[in-house]
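Biologist: Could you walk me through one part of this model in detail? I'd like a close look at a single piece and its surroundings.

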Protein chains: 2
Amino acid sequence: MSSNDRNRTKATMRDVAREAGVAQSTVSHYINKTATVAPGTKGKIREAIRKMDYRPNMVARNLKTRGSNILPLFVPDITNPFYSELAKGVADAARKEGFDIVLYDTGYQRNREDDYLELALRQQAGGVVIGYNLLNDRLWERLEKTHTPSILIDVYPPNNSWSSVVVDNEEGIRLAVDYLYSLGHRDIAYLSEPPYLLPLIKRLREFIRILKVRGLEVRREWILVEKEQMNRVKIGSSLGKKLLASPLRPTAVVTSSDLVAIGALNAFLSSGIMVPSDLSLVGFDDIILASYVYPSLTTIRQPKFDMGQRGVKILMKLMSQVEEHSPMVEIIPPQLIERQSCCARR
Amino acid sequence: MSSNDRNRTKATMRDVAREAGVAQSTVSHYINKTATVAPGTKGKIREAIRKMDYRPNMVARNLKTRGSNILPLFVPDITNPFYSELAKGVADAARKEGFDIVLYDTGYQRNREDDYLELALRQQAGGVVIGYNLLNDRLWERLEKTHTPSILIDVYPPNNSWSSVVVDNEEGIRLAVDYLYSLGHRDIAYLSEPPYLLPLIKRLREFIRILKVRGLEVRREWILVEKEQMNRVKIGSSLGKKLLASPLRPTAVVTSSDLVAIGALNAFLSSGIMVPSDLSLVGFDDIILASYVYPSLTTIRQPKFDMGQRGVKILMKLMSQVEEHSPMVEIIPPQLIERQSCCARR
DNA sequence: GTGAAAGCGCTAACAT
DNA sequence: ATGTTAGCGCTTTCAC
């Protein structure tokens, strides 16, 4: 033991076998429960492992089994609470399946997406979790070409050969509008960050559609869509100010995300507009911040943690199938979370 | 190529060598630039790699080199903005050094800390980044016993054999108090989450000390310290209410963290106390939320992203040294970020 | 129930 | 400048 300490080399399975006086393969069988080992032998091996502070080498195991217990997770920005909550769900579920998650934070940069996918593949990842719509379309091809099972979360699949988990975005918007309608609101505005991704596009479209269905007027000056990519909170505050500047003022506002709602909230409060008494406000996502701001935000919850978990569960199925799998798409129902940013129309 | 496609086996270096008509080791040399390769040979190899869509197998490389290009990062809760920003800095710097980061989110649970360290060691991690003060003290021993170079971030080292990066917490509190003092405030309260970790203890102590130094009165009823571990925002809001209930009211409040400040802000606003006109408020950390709430929060910035980067830089040094290293402790200066939650005493 | 032996894909001496 | 060779630590037949 002291000699083992001194030369500072990690004990290998061979060392354990020698110490226990058995064959290496027997130790392997014992560890992996891949054959029955006699009780006495078990004891000797257990003791040897303890004595030598042995620890299996996953790298060697992975090489031998031509796999990897590493699961790459692609997110555009881990500091965005939406993605950190998603990451938590993914990590949690992955862990239960024996996978460690490697974080690839691309910062919404195409070249990074490219590089990181390359790294993930080199790590011999048997599958990948993609938490947003990659900007680089060519990567879909690369994933297909390399036969890498993938699960898309919060992404509408580029074609029908992909598996994904998405919230029912249209339903979410309906929940928001109908809630405001039930509070007596008839003049409802919509503030949106740049709708360059399908979820955002669907929310916007559905907002317009449902307004018509409910017999409400659709005013162009109440549907404010930012063109420029910038910080979502800034977008919200800029759009909020713009809305206040219009001659007619709505009594309620729906936003494309909580961050936009928070920005708008700032704009309203700093202009002396009280929320909810002067203006009701609904967010989308239910990030943690939504319950932290004052007044706390009524919003449409996307169950991010669950979505992460479900995604991993699906991915595990895809990875275990030897045959080419049929893709699975899971649509998750959103949920209205009532807090303090809405009240009945006066 | 089509046969390669069909049997769906990844090309290995051997395949590339065969295709290019050279020895495997030459391909290895070419890839790792570990020997000069003739231009013509280079071309053949490059072409073979392209043709076969070859990609180095990091698992095999890691086994051979008895290392790992994986760097474990321990955080207690990735959804806490402090840690997600830190993680971003760590990931960013690690990437530049060729490391992928594996996220170990322990959820402040001792047994998970234990399990995850075990996993990290099995992955053959050559070093670890620890982003908070582990609850399980025995893990320090385990890290030492296994000779695993480690960098502690936002942690005061358990003894002088550890390397760490911490912000100067005392200086931070001084910055806050002196700023308020300069605005004319003399009645200053302090709200703290449970100070079970050194950074929190130091902030609390320094607050009391500096108040005395500045000749200000230290009132017990203005120094509110939560005992119970719960959500930081809840703590802030509960402490905020308690503060308002006391007969004497301060004109300014310093908090142990931004999350506590945000909770307090909620409590104040919902009690009709205006910030900053009735009460000035200073946070600690400068998490993104600080600039998102209304009014935006004046706070003491800990440069989390930088701290992550610096930590990795130090760790790389530790890992490259063959000799036992002398630990490096880096004290980072905090910074006062002026926003809207403070104003001059009336 | 246990052991011997053959590699997984790669790096790194060492030769040529 | 390139090739030969010997493992890295493990899993997995296949014997016995």
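Which kind of unit do E6(B), helix H10 (residues 198-213) of chain B and E7(B) make?

Modeller: Keep in mind that this is a predicted model. E6(B), H10(B) and E7(B) form a β-α-β unit, and it is right-handed. Let's start with strand E6, residues 188-192 of chain B: 5 of its 5 residues are buried, so the strand is largely enclosed by the rest of the structure. For burial, the cut-off is under 20% relative accessible area. In a regular strand, side chains alternate between the two faces of the sheet. Here both faces of E6(B) are covered, with Ile188(B), Tyr190(B) and Ser192(B) buried on one side and Ala189(B) and Leu191(B) buried on the other.

Now for the strand partners. E6(B) runs parallel to strand E7 (residues 223-225) of chain B, and 3 bridges join the two. E6(B) also pairs in the parallel sense with strand E8 (residues 252-255) of chain B, this time over 4 bridges.

If you then hop over to chain A, take a look at helix H9 (residues 169-182) and helix H10 (residues 198-213). Their axes come within 8 Å and cross at roughly 45°, which makes H9(A) oblique to H10(A). That crossing of H9(A) and H10(A) is right-handed. Among the residues that meet there are Ile173(A) and Val177(A) in H9(A), and Phe207(A), Ile210(A) and Leu211(A) in H10(A).

Key:
Residues numbered from 1 in each chain as written. Chains lettered and ligands numbered in written order. Predicted model: local features only at pLDDT ≥ 70, side-chain atom pairs only at ≥ 80, totals over all residues. Heavy atoms only, no water. Buried < 20%, exposed > 50% of the residue type's maximum accessible area, 1.4 Å probe, protein only. Pairing = 2+ DSSP bridges. Right-handed = clockwise from strand over helix to strand, strands pointing away. Axes fitted to C-alpha atoms, helices over the stretch in contact; angles between N-to-C directions. Parallel < 35°, antiparallel > 145°, perpendicular 65-115°, else oblique. Left-handed = near helix turned anticlockwise from the far one by under 90°. Contact = heavy atoms within 4.5 Å.
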